[in-house]
Amino acid sequence: MTAAGAIVAHAGAPLPPSVRDGQRVEQTPDAWWQAMVVVLADVIQQLDGAAMRAIAIDGTSGTVLGIDASGTPIGPARMYDDAAAPLEAAQVAALAPASSAARGATSALARAMQLTTVPGTARVLHQADWLAGRLSGMFGISDENNALKTGYDPVTRQWPAWIGELGAVYARLPRVVPAGTRIGTVLPVIAARFRLETSTAIVTGTTDGCASFLATGATLPGEAATALGTTLVVKMLSDKPLFAPEYGLYSHRIGDLWLAGGASNSGGAVLAQYFSGEQLRQLEARLDPDRPTGLDYYPLLQPGERFPIANPALLPRLTPRPADDARFL
């Protein structure tokens, strides 16, 4: 974008769906890398590669993977909505303060604990950390926003001591810096491949939810935004941190301000379960949000909700289904 906010280049590439096995949800990190290669090459074709001064990676909050000493993933990544670490999540809940975003059935820290038990794992990173490492060669740095759900304390700006009581995971967590911190430059092989200047900086990014908020241009406390992606994210800028784990409410640190909010398991993924993109486009013209449908739904793909109800056992409510698809939508 220009300084005025005009988009000068954009690109996209699809990712394969996550592999689901009960409560376990995984993706292959190589799929992320291949998609990013396509996107980066496409964007650079749309502008002079030499004009690109810095690259930041934003990723799904709470997605973690284990890597070896060279940065190579040890198996698939564990996704943000993976709840297949119940014993570890209970250990986290017994030690973490009530305000910690590391608590809950889908605790990223709980999944990180499991990853540290895999032979060969030297470090546990978040999605954005690993992709930035592929570009820079720096495989040990995260940002304050991606690290939040892994137990990082954004108020004291450090990994809290209680994580040390959980065993080996503490020593394998990345160093954390504020979002937007310059951590290095692109590797020479990356610069050559994409026709970038070797001085192109790699800076720490943020989470997908925070990125979507920042993209709106909102800058003042009290300004809020919703983002409908795979899930539904609600964020509001605040001059102080807000934490209410009983509602799945937590706060990210953005400069000297705080981005309070949460992410629901309801969202676009549920819509995609019932409607194709073409069906959505056709039905949209018939929707009237000001007229009640008389239906009482809580649309989820499977049991479990994070925000605004923190209940891992909450059941989907999607019946009765009317004959009229527009009313159902």
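The backbone oxygen of Pro178 lies 2.9 Å from a polar atom of the Thr204 side chain. This is a predicted model: local features need pLDDT of at least 70, side-chain atom pairs count only at pLDDT 80 or more, and totals for chains, interfaces and linings use all residues. Residues are numbered from 1 along each chain as its sequence is written, and side-chain values use heavy atoms, with hydrogens and water left out.

**Thr204**
- Thr204 sits in the loop between strand S10 (201-203) and helix H6 (208-215). Helices (H or I, at least four residues) and strands (E, at least two) are DSSP runs, numbered from the N terminus.
- Thr204 counts as buried because its relative accessibility is 8%. Buried means under 20% relative accessible area (1.4 Å probe, protein chains only).
- Contact means heavy atoms within 4.5 Å.

**Helices H1 and H4**
- The axes of H1 (residues 29-46) and H4 (residues 127-136) come within 11 Å and cross at roughly 60°. Axes are lines fitted to C-alpha atoms, for helices over the stretch in contact, and angles run from 0 to 180 degrees between N-to-C directions.
- H1 and H4 are therefore oblique to each other. Angles under 35 degrees count as roughly parallel, over 145 as roughly antiparallel, 65 to 115 as roughly perpendicular and the rest as oblique.
- Residues of H1 including Trp32, Trp33 and Met36 meet residues of H4 including Trp130 and Leu131.

**Helix H3**
- H3 (residues 108-116) is mostly covered, with 9 of its 9 residues buried.
- Its cover includes strand S2 (24-27), strand S4 (64-67) and helix H2 (86-95).

Technical notes. Buried means under 20% relative accessible area, exposed over 50%, partly exposed in between (1.4 Å probe, protein chains only). A polar contact is a pair of N or O atoms within 3.5 Å; within protein, one must be able to donate a hydrogen and the other to accept it, and residues adjacent in sequence count only if both atoms are side-chain atoms.
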